[in-house]
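This briefing sets out selected features of the structure shown below, grouped by topic.

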Amino acid sequence: MTKTKVWQLENGIKIVNIPTSYEHFIVFFIFDVGNHVLRPEQAGYAHLLEHLMFKGTSEIGSLDYEKEKEILEKAFDILNKVTYKTDIEVIKKRNSEALILEDKARKYYNTREFDYIMQYLGDSIANAYTFCEYTTYVHFVPREFLGYFLRLQYHRITFWTLRDFVRERNVVLQEMITESPVINMLLKTTYGEHYHSLPIIGYPKTIITAKPDDIIHLQREYYTANRLTILIAGNLTLDDQKILSEIFSELRQGKTENHNYPEAAYQYNKYHFHFEKDIPKVTFTVRMKTQNVKDKIMTAILRNIDYVFIFANK
């Protein structure tokens, strides 16, 4: 089997191609976006954005974009006035007002259209997941539809529009019911003020006070070329590589630094592609910079999901 190939487009996008023995492709879009680019009071925003990325674009899913936009902007104006210190009763009132407007706007868009297109292109496993330092979207792509698929993903990243904000925020709050408070306590005890202490899904307060403007800013500034790795498991031809380059060479640049945690406590090393119960997975080898034995043990226990850890001294 041919070895893994790694190269970089001029705009900074990293391409990883892992040859396989089958004809179709498994494609991972891996964004360097997680709690490490957020403030503590924004914990969980990366995961919330992951949910919202499937709602379509200004073209895909829109029945009348101008009418939709006009109504949703009114809802966003209401929600953007909420702060981390806003009284909970005021927050509930603003959420109710915004949800009424959201319901009104829904007459002008269909959030399922993006999913329908992906299914038409043969994507049977579309999924996404968020961790401390990255957000990943994974897709199954038949060879004959690779070009269409890549153009669709570029369009989604570039022309994404925020829809169903209150609804999807409520979905995340429901997910928190299954979160273990013991794990969150251990994270805080182990990592203190470091971003590893923050639950990936966030806290109820950080999610209920999330503002549309902050989520839009996160997508515009961090879903960018310099923070994107495209990992493709499958046999790319030279023509496939050319198409990939042509489509994504114009993707915008964004934030390069992590203001809140300038020295993130990890370094990506290698990608390992495998199937786990017929689900494609990418495992990262991560080099953790720590000397503390307790940190090593707790990291292995609490964060050992899609990671293989190598510990190094600071």
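Ser197 is buried, because its relative accessible area is 1%, and buried here means under 20% relative accessible area, with exposed meaning over 50% and partly exposed lying in between (1.4 Å probe, protein chains only). The model is a predicted one, in which local features need pLDDT of at least 70 and side-chain atom pairs count only at pLDDT 80 or more, whereas totals for chains, interfaces and linings use all residues. Residues are numbered from 1 along each chain as its sequence is written, and side-chain values use heavy atoms, with hydrogens and water left out.

**Surroundings of Ser197**
- Ser197 sits in the loop between helix H7 (181-191) and helix H8 (204-208), where helices (H or I, at least four residues) and strands (E, at least two) are DSSP runs numbered from the N terminus.
- Leaving aside residues up to four places away in sequence, Ser197 touches Leu187, Lys188, Tyr191, Gly192 and Tyr203, a contact being heavy atoms within 4.5 Å.

**Other buried positions**
- Asp164 lies in the loop between helix H5 (146-159) and helix H6 (165-175), and it counts as buried because its relative accessibility is 2%.
- Although Asp164 is not a glycine, it has a positive phi of about 55°.
- Most residues other than glycine have a negative phi.
- Ala128 belongs to strand E4 (residues 127-130) and, because its relative accessibility is 11%, counts as buried.
- Not counting residues up to four places away in sequence, Ala128 is in contact with Glu50, Phe54, Thr136 and Tyr137.
- The C-alpha atoms of Ala128 and His47 are separated by 9.5 Å, with the two residues 81 apart along the chain.

**Helix H2 and charge**
- Glu73 is found in helix H2 and is partly exposed, because its relative accessible area is 40%.
- Glu66, Glu70, Glu73, Asp77 and Asp213 form a negative surface patch, to which helix H2 (residues 65-79) gives the most, with four residues.
- Such patches are made of residues with over 30% relative accessible area and no salt bridge, like charges being joined within 9 Å and nonpolar side chains (Val, Leu, Ile, Met, Phe, Trp, Tyr) within 5 Å; a salt bridge is a side-chain nitrogen of Lys or Arg within 4 Å of a carboxyl oxygen of Asp or Glu.

**The chain as a whole**
- The protein chain has 11 helices and nine strands, and buried residues make up 53% of its 314 residues.
- Among contacts between residues at least 6 apart in sequence, 78% join residues at least 24 apart.

Technical notes:
Accessible areas come from the Shrake-Rupley method with a 1.4 Å probe; for residues, only the protein chains shown count as cover. Lys and Arg count as positive and Asp and Glu as negative; His and the chain ends are not counted. The place of a charge is taken as NZ of Lys, CZ of Arg, CG of Asp or CD of Glu.
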